Amino acid sequence: MAQIRIENVRKDFGAFTAVQSSSFTIEDGEFFMLLGPSGCGKTTTLRMMAGLELPTSGRIFIDGEEVGQKPASQRDIAFVFQMFALYPHMNVRGNISYPLKSQGMPSAQRKAKVHEVAEILGITDILDRPVGGLSGGDRQRVALGRAIVRDPKAFFMDEPLGALDAEFREHMAEELRALHDRMAATTVYVTHDQLEAMQMGDKIVVMNHGVVEQFGVPQDIYDWPATKFVAQFIGSPPMNFLDFDGKIEAGQDEVRLNDIAIRVPQSVDGAQGRLTLGVRPEHVKLDDAAPYRGRIMATEYLGTTQIVTLDTANGQIKARIASSDKIAVGQSAGLSFDARTITLFENAQGQALRSRANEGVLIHG
Ligand code: ATP
């Protein structure tokens, strides 16, 4: 299996830069997510790692060997596409064994290998069935079988579950993750779905407009967003932003929102001008004694919790509270925030003023 490293990789299509200089490392055996909105450059990044697209500049390494200029066929990786094309005139066994046949593997060995893979995927009972009549899930399993059977160094998947309906998608996501845990093969997975990335990934790269915004484990990305883009892209509802004019000395532990002091983490770098206080809905408490006020505009019932929308002098904010809490739309409410959960951003670039890097843990790629 493989470690994959990209160093300052960039891709231009004519005058358009699809991927700006990007660097990160995918460790051996990781389930690694490339996450971002449509057009952010995740597929192009994956295709460069796979050898289907040549980088304009930068270097790509698989297990320490530079492969940037090598074609896909020499990188020993397997691709699983969204529209998994199977050979319709072959049965399941024929489809799975095809890559081995192309390699010239003797028939007895091929048979044993196909059986082994079918066991892993739980499809031994359909090996002799034509692929035409198979369910979506079984087709996906056959496509995976065809990828696994070669024992490649790494699996590359581009929105493999994108075409499936929500319920089935969740089931296949669990199955894929379980398969990965059994095989411990390095897997690089492209998705625009933040929930899928959080649920399945060991690590996530978040991209926007061809730029790597953040790189880290899911919880760090959720708790310690490096930019406003990440804070909004991850989480549902996304992180709240309250804009204010302020000045923060390095290490200062409070900011003033309309003359009301709000405690913030001490590890803030100094900043001044237009700033943003970011807080996730579950870290906003409705607290009658709190001096910072908002007016309750709406509430949305979600079973165990409800999402309350409030207007404040610094913009709209959402709080996730217990659905058993009684809320009166139109009333004023006090708002308090747990200082440990606040992220402050400067507004010009949208960069977080504190990051886990300040506390000795690296989150930037
Ligand atoms: P999606 O999920 O929509 O595919 P993505 O994040 O995977 O989005 P890419 O497919 O990597 O995005 O595309 C990034 C940008 O590069 C897009 O603006 C796309 O139009 C452009 N692009 C991709 N391939 C080419 C190409 N061969 N020629 C010109 N532009 C391209």
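Author: A polar contact is a pair of N or O atoms within 3.5 Å; within protein, one must be able to donate a hydrogen and the other to accept it, and residues adjacent in sequence count only if both atoms are side-chain atoms. The model is predicted: local features need pLDDT of at least 70, side-chain atom pairs count only at pLDDT 80 or more, and totals for chains, interfaces and linings use all residues. Residues are numbered from 1 along each chain as its sequence is written, and side-chain values use heavy atoms, without hydrogens and water.

An N or O atom of the Gly41 backbone lies 3.0 Å from a ligand oxygen. Side chains contribute too. An N or O atom in the Ser38 side chain is 2.6 Å from an oxygen of the ligand. For the Thr44 side chain, the figure is 2.5 Å. On its own, the ligand has 630 Å² of accessible area, and the protein covers 57% of that (Shrake-Rupley method, 1.4 Å probe).

Now the shell. The residues around the ligand (a heavy atom within 4 Å) are Phe13, Phe16, Ala18, Pro37, Ser38, Gly39, Cys40, Gly41, Lys42, Thr43 and Thr44. Strand E2 (16-26) and helix H1 (42-50) each give two or more residues to this shell. H1 supplies the largest share, 3 residues. Helices (H or I, at least four residues) and strands (E, at least two) are DSSP runs, numbered from the N terminus. By class, the shell has 5 nonpolar, 5 polar and 1 charged residues. Here Ala, Val, Leu, Ile, Met, Phe, Trp, Tyr, Cys and Pro count as nonpolar, Asp, Glu, Lys and Arg as charged, and the others, Gly among them, as polar.
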